[in-house]
Amino acid sequence: MTDISQHAGSEQQMDLVATDMRRFLQQVATGPELSKDLTLDEARTAMEYILEGRADEVQAAVFLIALRMKRETLDELLGVLQALLGRTKHIEVDLPDLVDLADPFDGYQRGMPIAPFLPPVLAACGIPAVSNGVESLGPKFGITASRVLAAACCSVNLTTQAAADQLTDPDIGWAYVDQRESCPDLHRLLELRRRIVKRPCLTTVEVLVGPLRAVRTHLMTGYVHKPYPPIYTALARAAGYASAMVVRGVEGGVIPSLNQASKYFSYHGDSKDREFRLDPGAAGIQSATRTAPWPEIETLLTTADSDKARACAEQGIRALSGEAGPFREGLVYGTALCLTHLGRAADWMSARAAVSEVLDSGAALARFERVVARRQGQVLSDG
């Protein structure tokens, strides 16, 4: 009797999921004029079905595409965010402040990703920092933090707890957490996302799950399109971030252009959003290029991703070692932005001086090298 009742219950659950998904699709996938918005609860329920693997894969793909084509409402995004937060492994770390760095998960193509080396610089300045991402994500399939850090011999497969331990280590203070570890159910959708080609709402929301949280956790992320800053700040508040820095950075990243004015939006606590102009000259940034260019750019299209990641890793380590150039300027600019946002520096030039000190003294490099040494020690012990 127990097996029969369990089977019947399972069938009822499957029927409920199918009925709900059919209803949700009838609302959001009926064309630009007839589609209707979902409530927050409906969006959360649909996303939970998808994350749990209970929704039909075709229906899941249609749902994500239809939301994108219709244009998601804030309530729909909040519902999806709630579903993701509910499936994320969260750990509280014993730190007063933590910067949660969410650079583009789909990586970079037009210039080197500088942000993978930002966390050790922030840590050397007294601000623990964690970055998040995946190894590869479409539609861009660019060079990601995961690939760069792996090429630099850092572990990119830490458990959330191991990452928390690195953050609270006073000699390290930084870590990278991959989505594969922090939210396996979301990571499982990478292949589906590759096949649907277009960026779904998950691209917007996944940067806000923040698996590691301190007393005050501060989001730092980037954007490209003008409507997104208020969306990101609203989602960041809902996700529990004490403050946010939403930067109009190169390729949607957190590092602003090194030779052109840009902007960023922020909030602290219950304060309203504020818009700030970013002038690289005000921070003493001097660069002929907007970001760190790839070497031998004429052969870039035929260069293997592993070679690009290695080139970026080598350049990043040289910048941490004090070498001048756009890569170092990007690290200075991004870190100075955090220092001024968090009130750790009175102005841009004092922030620049503080960052230059940890780069020139080798303090930032030492924190990076300790992570490399820790991974090498783990490899030797495993062997």
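On a 1 Å grid over the protein atoms alone, a cavity is a set of points where a 1.4 Å probe fits but cannot get out, whereas a pocket is an open set with protein on both sides within 12 Å along at least five of seven lines; lining residues have an atom within 4 Å of a point. Grid points are joined across faces, edges and corners, and a volume is the space filled by probe spheres set on the points. The model is predicted, so local features need pLDDT of at least 70 and side-chain atom pairs count only at pLDDT 80 or more, while totals for chains, interfaces and linings use all residues. Residues are numbered from 1 along each chain as its sequence is written, and side-chain values use heavy atoms, with hydrogens and water left out.

**Exercise 1. Cavities**

Determine how many cavities of 30 Å³ or more the whole structure has, and describe the lining of the largest cavity.

Step 1. The search finds four such cavities, and the largest has a volume of about 90 Å³.

Step 2. Its lining consists of 16 residues, and those nearest its centre are Asp103, Pro104, Asn132, Thr144 and Ala145. Strand S3 (129-133) and helix H6 (145-151) are the elements that give two or more residues to this lining, where helices (H or I, at least four residues) and strands (E, at least two) are DSSP runs numbered from the N terminus. S3 gives the most, with three residues.

Step 3. For the classes, Ala, Val, Leu, Ile, Met, Phe, Trp, Tyr, Cys and Pro count as nonpolar, Asp, Glu, Lys and Arg as charged, and the others, Gly among them, as polar. The lining of the largest cavity then divides into nine nonpolar, six polar and one charged.

Step 4. The second largest cavity holds about 50 Å³ of space, and its lining includes Phe105, Asn132, Gly133 and Gln179. S3 and helix H8 (179-182) each supply at least two residues of this lining, which has five nonpolar, four polar and one charged residues.

**Exercise 2. Nonpolar cores**

Identify the residues with the most contacts inside the largest nonpolar core, and list what Phe368 touches.

Step 1. A nonpolar core is a set of buried Ala, Val, Leu, Ile, Met, Phe, Trp, Tyr and Cys residues joined through side-chain atoms within 4.5 Å; buried means under 20% relative accessible area, exposed over 50%, and partly exposed in between (1.4 Å probe, protein chains only).

Step 2. The largest core has 62 residues, and Met220, Leu320, Phe327, Leu331 and Phe368 have the most contacts inside it. Helix H14 (residues 326-341) provides the largest share, eight residues.

Step 3. With contact meaning heavy atoms within 4.5 Å, and with residues up to four places away in sequence not counted, Phe368 touches Phe117, Pro120, Leu149, Ala152, Cys154, Trp174, Ile317 and Leu320.

**Exercise 3. Backbone and strands**

Which peptide bond is cis, and is Glu251 buried or exposed?

Step 1. The bond from Gly138 to Pro139 is cis, with omega near 5°, and Pro139 is in the loop between S3 and H6.

Step 2. Glu251, a residue other than glycine, has a positive phi near 55°, and Glu251 is buried at a relative accessible area of 7%.

Step 3. Two strands pair if DSSP finds at least two bridges between them. Strand S2 (residues 97-102) pairs with S6 in the parallel sense over six bridges, and five bridges join S6 to S7, which run parallel. Because six of its seven residues are buried, S6 is largely enclosed by the rest of the structure.
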